Amino acid sequence: MKPGTKLKSAVCDTEVMVIRGSEGSVECGGAPMVEERDGSGGEPDAAFAEGTQMGKRYVDSDGTVELLCIKPGKGSLALNGVALGIKEAKSLPSSD
Amino acid sequence: MNISLILQMAADAGPDRVGLVCDGRSWTYGELQNAARGAAELLLASGCAHAALLDESSAAAPIALFGAALAGIPYVPLNYRLANEDLAALLGRVAPACVIGDLDRAMELDPEGGHRCFTREDFIAAAESAGADASGEEREGEGIAAQIFTSGTTAAPKAALLRHENLLGYILGTVEFCSAGEEEAQLVCVPPYHIAGISTLLSSFYSMRRIVLLPAFDPDDWLQLASSQQVTNAFLVPTMLARIVERLEEGAEADLSALRAIAYGGGRMPQELIEKTLALFPETDFTNAYGLTETSSTIALLDPEDHRLALQSDDPAVRARLGSVGQPLPTVELEIRDEEGRPLPAGQRGEIYVRGEQVSGEYRERSALDADGWFPTRDAGWLDEEGYLFLDGRADDVIVRGGENISPGEIEDVLLAHPAIADAAAVGVPSTEWGEAVGVVVVYKPGQQALDDDALRQLVKDRLRSSRVPEQIRVRDSLPYNEMGKLLRREIRKLFQD
């Protein structure tokens, strides 16, 4: 997955941009994310339905994958079935 | 990756929120996004290779920046203060360009360039009307978001390239999306051709802090706009800050009660000025930012807490940090290296090297990055034990006297500490005995008695080693600076050529 690729959730409104790619399966709401939705829809799996927040960056514990949420939705993000967490960054003062 | 994402996200999250105020008109993020999409259509239809801005700041700047990003061509803000001959050369280097702003000048200076020219007003109107039917599709092109000509204080301007991944890396690494409250407003007064003129647009849109644009800096206009728009944040270069402080000391009226934070950078901040400013704005947070065009803006900063600690401290090492540019960003690696490229320990002066996503180090002609991705900044400096970075001129400014490296800064600091001296610069001058020797130019404060050459030499001799004592001395009414407050050392060297 090339950095800059945009992926959409197959089961909710979530969209992400890949900042750091991975070979694994990137999922949202329990279903693999897609470049174009096929219209089949569906609902997020209850185990992956905590929602995504716009502008947050999501990472796995090893830091192999990093996704920027560019549209929020009801599903939550995972890599190969393991939930991703929000990347906590030190807040910096505005410098320009 | 494409920086157009920044405006897209702001327009998705707050289409009706005001993102820009300029010349009495307000723009929502939705309106800006529409105009940027329209601008992309115009740029594509023109077939031009660059989107060049030859103008002061206005709404046309962000519309052209994001329009060019969508169209997949570089945005090239040109310095409208350049002399005709220099500007003509730059126009030739970006031909054919879609030139926005001073179309008469562009046509006169580069009539054969095949440029497509718009006035500011025509460009905005055409972009807005083209927006309704625009596809909004992102094009990759060469992946270059902006091309900025360096100020060329030492040589001909270089065309620095900033890729989408550099600028987006900088923004995503330093700014939290939509972190600004609805009441927050950023007063932008740096010229559009300066890197801060681009990075401030990106940072403000991504944090969704409303931009209040001042087309060209003037201290009274700045104070008036800061009051009337209840501005909360501002960025200034030290020379601008000095003029604002001067107007306030002269009794200029301004309601700056909303002003929470001022960031400054882009040139050397005199210790006296920052201390005076901190006393004048006790409730305001100050941040000193250090960065270069080639690094997509800030790579190190001295934050508000650092300012307070330094000001209150009795420890000379902590207090001295007020004269530093703080610590490198967490997303940037920074090293000080010697002339052979070997890393130096804390306390030793050398050249500043940086590495990180935001670091481009790339010019149209070549990349300056080494094999491991490090960018030699040509800035000289040193780190203290806690990792605070102190700048010490340009690596090229070092005076080499008989094999001994002398930093102009140490001599200038001694001269500037004298109460009669307003400004001073030290440069290397040709010497048959030493290869190079120290030459100084001194500016005395009005009404102050000038020191004779012997007294001036004694002043340096009392504080520094004898090799630092100036061989040649000149007195002038002022020193040559460019409009961003950068000392033009090549002009200083010319004073010793006679």
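Buried residues account for 49% of the 498 residues in chain B. Keep in mind that this is a predicted model.

Next, the overall build of chain B. Its secondary structure comes to 16 helices and 25 strands. The C-alpha trace spans about 75 × 50 × 45 Å along its principal axes. What about the radius of gyration? Chain B has 23 Å. A compact globule with 498 residues would have a value near 23 Å, so the two agree.

Now the contacts inside chain B. Take those between residues at least 6 apart in sequence. Of these, 66% join residues at least 24 apart.

One local feature, then. Look at strands β19 and β20 of chain B, residues 375–383 and 389–394. They pair in the antiparallel sense, over four bridges. β19(B) and β20(B) form a hairpin, with five residues between them. Check B:G387 in the turn, where phi is positive, at about 90°.

Last, the contact between the chains. How many residues does each chain give? Chain B gives 27 residues and chain A gives 16 residues. On the chain B side, several elements give two or more residues. Among them are the helices α1 (4–13), α7 (164–174) and α8 (195–207) of chain B. Strands are on that list too, including β13 (285–292) and β14 (297–302) of chain B. And what is the make-up of this side by class? The side of chain B that touches chain A has 15 nonpolar, eight polar and four charged residues.

Technical notes
Residues numbered from 1 in each chain as written. Chains lettered and ligands numbered in written order. Predicted model: local features only at pLDDT ≥ 70, side-chain atom pairs only at ≥ 80, totals over all residues. Pairing = 2+ DSSP bridges. Contact = placed C-beta atoms within 7 Å. Nonpolar A, V, L, I, M, F, W, Y, C, P; charged D, E, K, R; others polar. Rg over C-alpha atoms; globule rule 2.2 N^0.38 Å. Buried ≥ 20, exposed ≤ 12 C-beta atoms within 10 Å, placed from the backbone.
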